[in-house]
Amino acid sequence: LRPRRGIVGTTGAASQPGQGYGYAPSSSSSSFYSNGQGYSYDYGSSGGERQAMSYGQQGPVSSSSSSRVSKELMGTFLLILVTACVLHADQNLAAPNLSAIASDFEMTPMQKDTRLGGMVQFGFFLIGGAVSLLVGPATDQIDRVTLLSAVVLSGAIPSLLMSYFVPSSKAGFFYFFLARICTGIAIGGSFPILFSLSADLFPASQRTFVATSISAATNVGAAVGGMLSGLLGPKYGWRVPFRFVGIPALICSILVRVLLEDPRTVKLRKKAMEDASSNRAFAAWGGSQDVAAASGYVRLDELDFLKFRKILDVRTNMLIFAQALPGCIPISCITTFLADYLAVEQGMMVQASTAVTAVFGVSCLCFAVTGGMIGQEIYNKKKDNLPLLIGTTSCLAPLPFIMLVNSPQSAVTSALQRPTVFALFLALCGGCAATTGPNVRAIMMNVNDSEVRGTVFSAFTLFDDLGKGMGPSLIVAMTAIFGRRMAYTLAFCFWWMSGAILFMVRKSLPADAAKSGGSLLPMKHK
């Protein structure tokens, strides 16, 4: 037994009610005691050990709480979802109006594909992914609320400026390109922060639901942004949708900074205050942190980039990173080229082709939410069955899109230049690919401890963005060789490679999940 102040004992251990003293054995147990007010802290440590710091009524408290988000966290949860939604609404604003943008910047049809489709997407995702490598280690040390507000702001302001001041000429493409890179930085940098912060706000029993909700919010944002662009772009110009999205993003950035608080920063600040009020000699002997450690500032040389090597020791991390690259190439094909392909090659109106991608976005939302709920149940009952679910859905996803791009025009476009029921049905079925996203993010939350989650999600974002950034360039190269239809067909086949890798996660997940960390926010248990 190890005596600890503020640590209450696990089942069978003695504790003193009302004072927060107890004895915690070196191995973890499935329940904790609390001492009088109904709150408990649940921290994870390396080696799979779990500790509880509790404030509550005396008696055992289960370590796994309800999957329902508490009322105290609902406002925080909703603001995180709205911020993720608004931020990702900017992602697909250009796709429905590629031809109009190309005409505005005096491009040829080939330049439209190579520059707007390949070059812009390459910069959007790859530079954003590279920045996430810096944001990840910073997320593990700097105040995450301040960091999230900053990255959202970095995407909102350039989009607003670009929508008002970019000239309609060949030179205008350069400014458009820079603005899209800034948006890519905002989106790429937001992922490590959102999931690291959420993992510390919510316990393991709620993380799949939380990851599902964040993924669903990003899908909703991308779908609504694309639909907004398709509806407003042809009538008011391609720049107007960027204003409709940039202003709410700016507001969300301010609200995040004012209303949210990082639980890790609160914990460090409280610890620093306690250390400052105690005897300095005793604090030094006990190894306490200095007050400046909780200030939220960090030097570049303090960022631990060696964590990137450490996280690869977890086999589940390696497999999930590996599947992200081929799994995102089909997504890049859909978000970048599909709407324009349906309008140019299949004879649909721009608004009609946008409706097809919007149906796909709604389908992704439904599959993400449903798949996340089913995935949570499977994970709770038998962890190694979860990879079977996400691997199967990844292998089924290419089929409807291969049929969509290879069907004759009469099968997918009506006489009124609108999508047929068959085309909408195929787009609806293709949404099954979204089952993978929330579940793999929840897996990474559960197989990594709090101090490395930011680094883990920055690495995942990099591989994710590599697929989305290199995908359009690869597709443009295949288009030059095989033509559009065959190039898109081959792009969708990459989902099969991703599914095969996901099946391999089944062997490593149970062992890696045993090392899961806890949340940092007080959880009320009823």
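This is a predicted model: local features need pLDDT of at least 70, side-chain atom pairs count only at pLDDT 80 or more; totals for chains, interfaces and linings use all residues.
Me: Why is Asp90 called buried?
Reply: Its relative accessible area is 5%. Buried means under 20%, so Asp90 qualifies.

Me: Why does Arg180 count as buried?
Reply: Arg180 has a relative accessible area of 2%. That value is under 20%, so the term applies.

Me: How do you know that Arg239 forms a salt bridge with Asp104?
Reply: The closest N and O atoms of the two are 3.0 Å apart. That is within 4 Å, so the pair meets the rule. Arg239 sits in the loop between H6 and H7, and Asp104 in helix H2. They are separated by 135 residues.

Me: Are Arg239 and Asp104 buried or exposed?
Reply: Both are buried. That puts each under 20% relative accessible area.

Me: What makes the contact of Lys112 with Asp340 a salt bridge?
Reply: The closest N and O atoms of this pair are 3.1 Å apart. The limit is 4 Å, so Lys112 and Asp340 are counted. Lys112 lies in helix H3 and Asp340 in helix H11, so the bridge ties together parts that are 228 residues apart in sequence.

Me: Why is Lys112 called buried, and why Asp340?
Reply: Lys112 has a relative accessible area of 11%. For Asp340 the figure is 6%. Buried means under 20%. Both names therefore hold.

Me: Which residues are linked with Lys112 and Asp340 in a network of salt bridges?
Reply: Glu345 and Arg484. The model has 8 salt bridges by this rule.

Me: How do you know that space is left inside the model?
Reply: Rolling a probe the size of a water molecule over the atoms shows where empty space is left. The count comes to 6 cavities of 30 Å³ or more. The largest cavity holds about 780 Å³. Of its 40 lining residues, the closest to its centre are Asn219, Ile331, Phe360, Cys364 and Lys468.

Me: Which helices supply at least two residues each to the lining of the largest cavity?
Reply: Helices H6 (204-236), H11 (315-344), H12 (350-381), H17 (436-447), H18 (450-482) and H20 (494-513) do. H11 gives the largest share, 8 residues. By class, the lining has 20 nonpolar, 17 polar and 3 charged residues.

Me: What lines the second largest cavity?
Reply: Its lining includes Gln91, Asn92, Leu98, Phe176 and Thr335. Helix H3 (109-139) and H11 are the elements that give two or more residues. H3 has the largest share, 3 residues. This cavity has about 100 Å³ of space. Its lining divides into 6 nonpolar, 5 polar and no charged residues.

Me: Which residues form the nonpolar patch on the surface?
Reply: Ile247, Ile251, Ile254, Leu255, Val258 and Leu259. Together they have about 570 Å² of accessible area.

Me: What makes Ile247 partly exposed?
Reply: Its relative accessible area is 43%. Ile247 is in helix H7 (residues 240-259).

Me: Why is Gly136 called buried?
Reply: Its relative accessibility is 0%. The limit is under 20%, so Gly136 is buried. Gly136 lies in helix H3. Its C-alpha is 9.1 Å from that of Ser196, 60 residues apart in sequence.

Me: What is the phi of Glu106, and what is that of Gln417?
Reply: Glu106 has a positive phi of about 60° although it is not a glycine. Gln417 has a positive phi near 65°. Glu106 sits in the loop between H2 and H3. Gln417 is in the loop between helix H15 (409-412) and helix H16 (421-430).

Me: Why do Glu106 and Gln417 count as partly exposed?
Reply: Glu106 is at 44% relative accessibility. Gln417 is at 41%. Both values fall between 20% and 50%, so both residues are partly exposed.

How values were computed:
Residues are numbered from 1 along each chain as its sequence is written. Side-chain values use heavy atoms; hydrogens and water are left out. On a 1 Å grid over the protein atoms alone, a cavity is a set of points where a 1.4 Å probe fits but cannot get out, and a pocket is an open set with protein on both sides within 12 Å along at least five of seven lines; lining residues have an atom within 4 Å of a point. Grid points are joined across faces, edges and corners, and a volume is the space filled by probe spheres set on the points. Helices (H or I, at least four residues) and strands (E, at least two) are DSSP runs, numbered from the N terminus. Ala, Val, Leu, Ile, Met, Phe, Trp, Tyr, Cys and Pro count as nonpolar, Asp, Glu, Lys and Arg as charged, and the others, Gly among them, as polar. Patches are made of residues with over 30% relative accessible area and no salt bridge: like charges are joined within 9 Å, nonpolar side chains (Val, Leu, Ile, Met, Phe, Trp, Tyr) within 5 Å. Accessible areas come from the Shrake-Rupley method with a 1.4 Å probe; for residues, only the protein chains shown count as cover. A salt bridge is a side-chain nitrogen of Lys or Arg within 4 Å of a carboxyl oxygen of Asp or Glu. Buried means under 20% relative accessible area, exposed over 50%, partly exposed in between (1.4 Å probe, protein chains only).
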